[in-house]
Amino acid sequence: MNRNALLQQAADEKNPWDVLVIGGGATGLGTALDAVARGYRTVLVERSDFAQATSSRSTKLIHGGVRYLRQGQIGMVRQSLQERRRLLKNAPHLVNSLEFVLPAYQRGARWYYYAGLKAYDLLSASDSFPPAQLLSRSQVIERLPTLHSQHLQGGVRYSDGQFDDARLAITLARTIVDHGGITLNYAQVERLIHERGRVAGAEVTDLETQQRFTVRAHVVINATGVFAEQLMGLDAAVMPPDERFDSGIMIRPSQGSHLVFDGDFLKSSSAMMIPETDDGRVLFAIPWHGQTLFGTTDLPVRNVSANPRPLQEEVDYLLQHAARYFTRTPRQEDIQSMFAGLRPLVASSGKKSTAGLSREHEIVVSG
């Protein structure tokens with residue numbers, strides 16, 4: 001991709017674009033690719049690098065969300081599993097099937113887990129992922145040799161999707177350009193342009209040269225994640241008070257942090273799901289490039305940062321839970337690296353904890 005050539009095309013005011021997407025994470029890139037594949041002239045701008053924030057700081061899983069099935073969010077789980085199937089078909093070099101083992105320590109628990117995971121299989125609409133299967137105690141230990149085996153009753157194996165989140169994002173960006181669209185990183189929106197009471201584009205600064213240019217478009221899409229309200233504020237700032245857009249929603253950022261340990265902590269090609277935590281979440285221990293990836297947390301945060309870092313309370317929480325399952329207790333000095341991402345959860349009030357907020361998307365329209 002020739003960035004200078006893409007910049008010149010984006011700044012051509014004689015031919016307004018059909019769609020301007022602001023935000024180069026998974027949502028923005030996916031939106032832009034969908035638009036350009038439908039024949040719309042599309043340009044995307046991102047103020048940092050593609051997938052620089054949340055979209056490269058995930059648990060590296062393409063899954064329907066087992067815990068959301070338990071919460072009764074069947075529609076969202078089914079939709080997510082459909083997306084898992086599409087991604088495996090469209091990007092088999094970046095998405096693969098991964099075996100998970102769910103250990104059970106209470107009598108009868110594995111049958112409860114098995115029933116839920118069979119429902120998970122049914123919602124997946126018979127895709128190519130292997131179905132759930134009951135495991136004996138010895139079969140669990142064979143797959144997870146570093147698991148605490150005291151009181152272990154057995155478990156369940158099931159399959160889900162694993163992917164390289166950052167590489168998928170870059171692939172989406174390249175595919176957009178291949179289809180005739182424009183993707184620009186390090187291009188920051190300074191203000192929105194309004195014409196006849198509607199957003200008609202944006203003024204953008206190329207952070208490489210500090211030059212400002214205008215991108216005009218018939219439709220502008222805000223895909224900036226946890227920063228969405230800031231961009232909505234730019235929209236409201238130039239509108240008369242009686243015409244300002246009030247979505248009635250609020251972004252509730254939730255931080256999810258991960259720790260990376262040596263591969264010997266898991267010592268398996270299978271991943272482990274921890275079904276019960278102190279705050280009702282699930283945790284994953286996943287083989288990742290020869291290491292063990294462990295997470296994630298769900299902590300509400302007030303200060304939104306482009307480069308969030310795991311808080312010590314999150315680190316302590318993950319270490320405490322890891323110690324309950326690994327035969328080798330991980331300590332602070334065993335952490336090889338750590339990272340955090342912010343989930344842009346949507347709430348209509350401030351009463352719910354972030355763990356209880358829906359992960360479904362929300363679309364609001366201005367003007």
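Tutor: Start with alanine 285: it stands opposite phenylalanine 294 in strand E14. The strand to follow is E13, residues 283–288. Strands here are DSSP runs of at least two residues, marked E and numbered from the N terminus. This is a predicted model, where local features need pLDDT of at least 70, side-chain atom pairs count only at 80 or more, and totals for chains, interfaces and linings use all residues. Residues are numbered from 1 along each chain as its sequence is written, and side-chain values use heavy atoms, with hydrogens and water left out.

Take the E14 side. E14 covers residues 291–295 and runs antiparallel to E13, with five bridges joining them. Strands count as paired if DSSP finds at least two bridges between them. E13 and E14 form a hairpin with two residues between the strands. There, histidine 289 takes a positive phi near 50 degrees.

Now turn to strand E12, residues 271–274. E12 also pairs with E13 in the antiparallel sense, here over three bridges. Look for methionine 273: its bridge partner in E13 is phenylalanine 284.

How covered is E13? Mostly: five of its six residues are buried, that is, under 20% relative accessible area with a 1.4 Å probe, protein chains only.

Last, confidence. The chain averages a pLDDT (the predictor's confidence in each residue, from 0 to 100) of 90, and 92% of the residues score at least 70. Over residues 241–245, though, pLDDT stays under 50. Where pLDDT is low, predicted coordinates should not be read in detail.

Notes
Contact means heavy atoms within 4.5 Å. Buried means under 20% relative accessible area, exposed over 50%, partly exposed in between (1.4 Å probe, protein chains only). Helices (H or I, at least four residues) and strands (E, at least two) are DSSP runs, numbered from the N terminus.
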